[in-house]
Amino acid sequence: MLPSGVSSVAAIAGRWWLGHVKSRAEKKFANILNARGIGYFLPMLEYSLESGGKMRHPLRVLFPGYVFFCGSENDRYLAVSSGRLCQAIDIPDQAQLKTELDAVWCALRANLVSDSCPLPPEGNRFRITSGPLKGAEGVSTGTADTQSQLILPVSVLGQGVVVTVAADPVAPAAP
């Protein structure tokens with residue numbers, strides 16, 4: 001999901017772009033970026049699959065067709081010239097993207113992500129007040145007595161990831 005030797009999205013320095021890759025080329029593109037020393041984030045989720053009488057646990061890409069990558073203008077040029085990229089989309093709000101990607105990375109690392117989904121047009125915004133996602137904001141998908149499902153947004157894609165957290169550390173976000 002991250003380049004080898006990198007522990008978090010926040011540790012990757014440079015300008016971020018959204019790479020729109022050719023069909024089913026996300027992992028190949030990430031491998032090319034890793035080989036060229038370019039920072040990237042490819043959110044993936046492990047799932048279970050029975051095949052040949054054995055349980056397997058492959059990874060699937062959460063946002064098919066997209067890989068986030070980071071670096072200098074020269075790194076962008078190297079990424080575009082890889083042959084796997086259709087378009088490098090410029091991200092105007094770098095700070096917001098970095099905050100959102102860091103929240104997604106923390107949720108994936110804590111095994112709290114259940115799936116990706118489109119962002120709802122409206123919804124109550126909540127802030128997580130404790131745990132591994134402390135400070136992250138999301139949109140509520142409905143609340144149960146002991147657990148709450150939130151969508152952590154990735155605004156540039158108009159999508160997010162669904163996380164399930166205890167209802168206690170969730171409070172309404174300031175507008």
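Reply: Let us start with S116, whose side chain reaches the backbone oxygen of L62 at 2.9 Å, a polar contact in the sense of a pair of N or O atoms within 3.5 Å, where within protein one must be able to donate a hydrogen and the other to accept it, and where residues adjacent in sequence count only if both atoms are side-chain atoms. Please keep in mind that this is a predicted model, in which local features need pLDDT of at least 70 and side-chain atom pairs count only at pLDDT 80 or more, while totals for chains, interfaces and linings use all residues. Residues are numbered from 1 along each chain as its sequence is written, and side-chain values use heavy atoms, with hydrogens and water left out.

Me: Which strand is S116 in, and what else does S116 contact?

Reply: S116 lies in strand β9, residues 113-118, where helices (H or I, at least four residues) and strands (E, at least two) are DSSP runs numbered from the N terminus. Leaving aside neighbours within four places in sequence, S116 is in contact (heavy atoms within 4.5 Å) with L62, F63, Q159, G160 and V161.

Me: Buried or exposed, that S116?

Reply: S116 is buried, because its relative accessible area is 18%; buried means under 20%, exposed over 50%, and partly exposed in between, with a 1.4 Å probe and protein chains only.

Me: What does β9 pair with?

Reply: β9 pairs with strand β13, residues 159-166, in the antiparallel sense over 5 bridges, where two strands count as paired if DSSP finds at least two bridges between them. V113 has V163 in β13 as its bridge partner.

Me: And how many bridges join β12 and β13?

Reply: β12, residues 147-154, and β13 pair in the antiparallel sense over 8 bridges, and I151 stands opposite V162 in β13. β12 and β13 form a hairpin with 4 residues between them, and G158 in the turn has a positive phi of about 70°.

Me: Let's zoom out. How many helices and strands does the chain have?

Reply: The protein chain has 3 helices and 14 strands. Its radius of gyration is 17 Å, close to the 16 Å that the globule rule gives for 175 residues, so the chain is as compact as a globular protein of that length; the radius is taken over C-alpha atoms, and the rule is 2.2 Å times the number of residues to the power 0.38. Buried residues make up 42% of the 175 residues.

Me: What about the inside, which residues touch the most other members of the largest nonpolar core?

Reply: In the largest nonpolar core, which has 33 residues, W16, F41, F68 and L133 touch the most other members; such a core is a set of buried Ala, Val, Leu, Ile, Met, Phe, Trp, Tyr and Cys residues joined through side-chain atoms within 4.5 Å. At least two residues of this core come from each of β1 (15-21), β7 (66-71), α3 (94-109), β10 (125-128), β12 and β13, and α3 gives the most, with 8 residues. Apart from this core lies another, of 14 residues, among them F29, L42, V61 and F69.

Me: Which residues does W16 touch?

Reply: Not counting residues up to four places away in sequence, W16 touches V9, Y40, F41, F68, F69, C70, I91, Q94, L97, K98 and L101. Q94 in turn lies in helix α3, counts as buried at 17% relative accessibility, and touches G14 and R15 besides W16.
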